[in-house]
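Look at the sequence and the model below before reading on. The paragraphs that follow go through some features of the structure in turn.

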Amino acid sequence: MARAGIYKSDVVNARAALVAKGVYPSIDAVRIEMGNTGSKVTIHRYLKEIEEENGGSALPRVAVSEAIQDLVSRLSERLSEEADARVTELQTKQTEQQRLSQEAATSLKTELQTTRQQLEQTQRTLADEKTNHGKTNEVLSAKTLTSTQLAQQVNDLQERLAGEERHRQSLEEKHQHAHQALEHFRQASKEQREQEQRKHEQQVQYFQAELKKVNEVLTAKQHEAIHAQQEGVRLVGELSRAQSDLHQSQETVLKLNPLKDELDLAQRRVVELGEKLVAQEAANQRTQESNNGLKIKLEDLQGKNQQLELDLTAAKASAATQEQLVSNMLLRLSATAPVTVPTKAKQLSLPE
């Protein structure tokens, strides 16, 4: 069972335990470590004091999405607490007003009953001593006037009580409408942020896959270019050897006519090797052009990735703007509270 309050030493011990486990000591994590005990506002204050005493901790910062979720959670809890406190205060004041009105009505009924008894007694006395007590008429008139005034007061109090009841119901309706409008706005903001986050994640995944494919193709093309260069070097070597053989054959053909056929074969081989060399150079040129195209596509993908980072920054700024709008809306709701109810306006303030 959760305790009524927590101490700073409890937060220090829970924070140290989380750091030892390698877990970021957020407000929710510290509260769970302490057994779901203590207010989040109190835990946040103690954590801030601990960080100030340590001169600023070097703990890893939480992700932006976690910070936003934590902020939204604390904002929701704070709104709920303030709404509950305001409703409780209104109910308490209404109960007190009803009690005072009931006491006043009871007092007036008692006084009216007493007056009626006195009137009856006066009437009996008037019947018995009508001829001898002329002053009794004056007493009777005074009592009648008092009774009329008391009855009028009772009617006025009843009308005032009915007006107070209508006013209380009007306040409850206004509070309910404001709460519903705020809840709708908060839900719409949450859905919009979730949609933007999902869209951004899908785009990042798509471009990462495209970038991976381009890198794989570029690697394959580089291997092909290396292989083509090696093949070209081999063909150049063979061409050199063939030319050397041709030169030797030309010197020998002057002396040995039977070697003419071999010379023709060597010449044809030289021609074939030259054609292969030309084809290999063309293949190398196409590979180079393909590599250039892949480099351009890679640069384009890198530019799109930077644009996605800018969009993410804009989405973060939009989320901060929406949070500011929620705070401003709460301030306006507090400022427009009816002045007929003696309540003190509260401004929503998030923990630092």
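A search for aromatic pairs across the whole structure gives a count of zero. This is a predicted model, and the values that follow are computed from it. A pair of aromatic rings would be described by the distance of the centres and the angle of the planes.

As a general point, nonpolar side chains in soluble globular proteins tend to be buried together.

Between helix 2 and helix 3 there is a loop, and Asn36 lies in it. The phi angle of Asn36 is near 55 degrees, which is a positive value in a residue other than glycine. Is Asn36 buried or partly exposed? Its relative accessible area is 45%, so Asn36 counts as partly exposed. The range for that class runs between the limit for buried, under 20%, and the limit for exposed, over 50%.

How many cavities of 30 Å³ or more does the structure hold? There are two. The largest cavity contains about 80 Å³ of space. Its lining is made up of Val72, Leu75, Arg186, Ser189, Lys190, Arg193, Glu323 and Val326. Helix 4 (64-128), helix 5 (135-253) and helix 6 (260-335) each give two or more residues to this lining. Helix 5 has the largest share, four residues. Sorted by class, the lining has three nonpolar residues, one polar residue and four charged residues.

Helix 5 also holds Val214. Is Val214 buried or exposed? Val214 has a relative accessibility of 3%, and therefore it counts as buried. The cut-off for buried is under 20%. Along the chain, Val214 and Leu301 are 87 residues apart.

Key. Residues numbered from 1 in each chain as written. Predicted model: local features only at pLDDT ≥ 70, side-chain atom pairs only at ≥ 80, totals over all residues. Heavy atoms only, no water. Phe/Tyr/Trp six-rings, centres within 6.5 Å; stacked < 30°, edge-to-face > 60°. 1 Å grid on protein atoms, 1.4 Å probe; cavity = no way out; pocket = protein on both sides within 12 Å on 5 of 7 lines; lining within 4 Å. Points joined across faces, edges and corners; volume = space filled by probe spheres on them. Nonpolar A, V, L, I, M, F, W, Y, C, P; charged D, E, K, R; others polar. Buried < 20%, exposed > 50% of the residue type's maximum accessible area, 1.4 Å probe, protein only.
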